[in-house]
Amino acid sequence: MTLDLSRLPIIDDHCHAFMQSREVKTFDNCFTLSLIPPKSINTKNTLLFKIVRRELTKYFGLDPNISDDELINIRNQKYQGNPKEYVTNLYKDVNMESLLVDYGFPVMGNRVNKDELVWFHETSSSVHVRRIHRVEATFHPLFEERVGFEELLERYITELREEVEEKGTIAFKTVIAYHTGLNIQKVSKANAAESYEKFLRDQRNREAEKNVRDYLVLLAFELCLEYDIPMQMHSGAGDAPMIDVKLSSPLLMHNVISDPHYQGVKVVFVHTAYPFVEEAGYLVNQYHNIYLDLSSMIPFSSIGIAPKLRQIFEMAPFTKVLYGSDGFTIPEISWLGARLIKSELAKVLEELIIQEIIDEDYAYKAASMILSENARGLYNRNWECSMNQENQLIGLKDKK
């Protein structure tokens, strides 16, 4: 008995804009999360890249024995020759329905500009692109301007409201895990104001920085409550060496997620909190408002995908797990992730059928929930607003 999930629609609930202008590394070196410059001899000898070449040679209909360099050259020619056609065909291959895009990428460095966004939206126009707003993209520039505390709060809240009310944002996201970690605590306004002044005087003051970041992120939680939109939270591994993974375990969120006030906030731990996968599955089981997205673990854990899915579903209900890829820089990451989730999820569900835990009908239902239906139900505010609709593109072009 073989489950065929290939034609089920898929929603990538967490990814980033890609564009050719940002593809400065060689193609093989795009399949790493590290910011430390990798060596091709190493990346080409990872199991992830072996999977990449297997899937690309199948997709292109090439001889499996083609060399890595020849395969990459063919890929580059196709992508550079007609980017829109190339991307459209990738999405068609996996039945991609929508991309939910965090526009705050990268964590550090130059954000994508309007010209790059126009290119991305036009190139991805065969699917709906929906907007996730990273709250740090609002308050980091205000730190740099060194505005006063009251002005910081006013401009921060105003922009977040505009994101939801005017720009079609479907969720907020925070990368506080990169900066001061997920051990978020309640901070009084007076304490936050005092800490902000200390932080402006000395940005090496980690205690003051943490108080300010905790306060601002929990302000965003309040708006999530008001607008009934989810908060995506970076958890687990990220871009080495910027993140201290010890500070990014979702278990550190205990005080916040156990607070009855915040249990109205739909919190999505993105990246499966990898390597804290079992811990994340436990939290999804224990808290009605906690969800888990599979991005980054898929595709980057390569042959570990199926075992990790089994660990998640030891406790997590199928209704609260969402597919995502964390795709960035190149379109193939989202495409590869979509191919792998369908094949690896099918293996896990087939084993459960053989064990007579579920039947085939439920297996397809569970797959549909993970691949698209959970996202469609969770991100319901502004769902009708796609960033690559013609009116959105015209608005972007007018602002150039």
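**Notebook: helix packing and selected buried residues**

I began with helix α7 (residues 149–165) and helix α9 (residues 189–201), which pack at an angle of about 110° with their axes 10 Å apart. I work from a predicted model, in which local features need pLDDT of at least 70, side-chain atom pairs count only at pLDDT 80 or more, and totals for chains, interfaces and linings use all residues. Residues are numbered from 1 along each chain as its sequence is written, and side-chain values use heavy atoms, with hydrogens and water left out.

Helices (H or I, at least four residues) and strands (E, at least two) are DSSP runs numbered from the N terminus. Axes are lines fitted to C-alpha atoms, for helices over the stretch in contact, and angles run from 0 to 180 degrees between N-to-C directions. I class angles under 35 degrees as roughly parallel, over 145 as roughly antiparallel, 65 to 115 as roughly perpendicular and the rest as oblique. α7 and α9 are therefore roughly perpendicular to each other.

I then listed the contact (heavy atoms within 4.5 Å): F149, E150, L152 and L153 of α7 meet K189, A192, A193 and Y196 of α9. The residues of this contact divide into six nonpolar, no polar and two charged. Here Ala, Val, Leu, Ile, Met, Phe, Trp, Tyr, Cys and Pro count as nonpolar, Asp, Glu, Lys and Arg as charged, and the others, Gly among them, as polar.

**Partners of α15**

I looked up helix α4 (residues 83–94) against α15 and found an angle of about 10°, with the axes 9 Å apart. The two helices are therefore roughly parallel to each other. Y86, L90, D93 and V94 of α4 make the contact with E332, W335, A338, R339 and K342 of α15. I record five nonpolar, no polar and four charged residues in the contact of α4 with α15.

For helix α2 (residues 47–60) and α15, I found that the axes come within 11 Å and cross at roughly 90°. This makes α2 roughly perpendicular to α15. On the α2 side I noted L48, I51, V52, R54, E55, L56, K58 and Y59, which meet W335, L336, R339 and L340 in α15. The contact of α2 with α15 divides into eight nonpolar, no polar and four charged residues.

**S334**

I placed S334 in helix α15 (residues 332–354). At 7% relative accessibility, S334 counts as buried; buried means under 20% relative accessible area, exposed over 50%, partly exposed in between (1.4 Å probe, protein chains only). Leaving out residues up to four places away in sequence, S334 touches D12, C15, M96, Y323, S325 and G327.

**α12**

In helix α12 (residues 277–286) I found V277, A280, G281, L283 and V284 to be the buried residues. Seen down the axis of α12, they fall within an arc of 160°, so they line one face of the helix; the arc is that of the directions from the helix axis to the C-beta atoms. Their cover includes α11 (254–257), β6 (267–270), β7 (290–293), α13 (297–300) and α14 (305–312).

I located M19 in the loop between β1 (10–15) and α1 (40–43), where M19 is buried at 3% relative accessibility. M19 and E116 are 97 residues apart in sequence and 6.5 Å apart in space, C-alpha to C-alpha.

I found L223 in helix α10 (residues 206–227), buried with a relative accessible area of 5%. Apart from residues up to four places away in sequence, L223 touches I157, L160, R161, F172 and D228.
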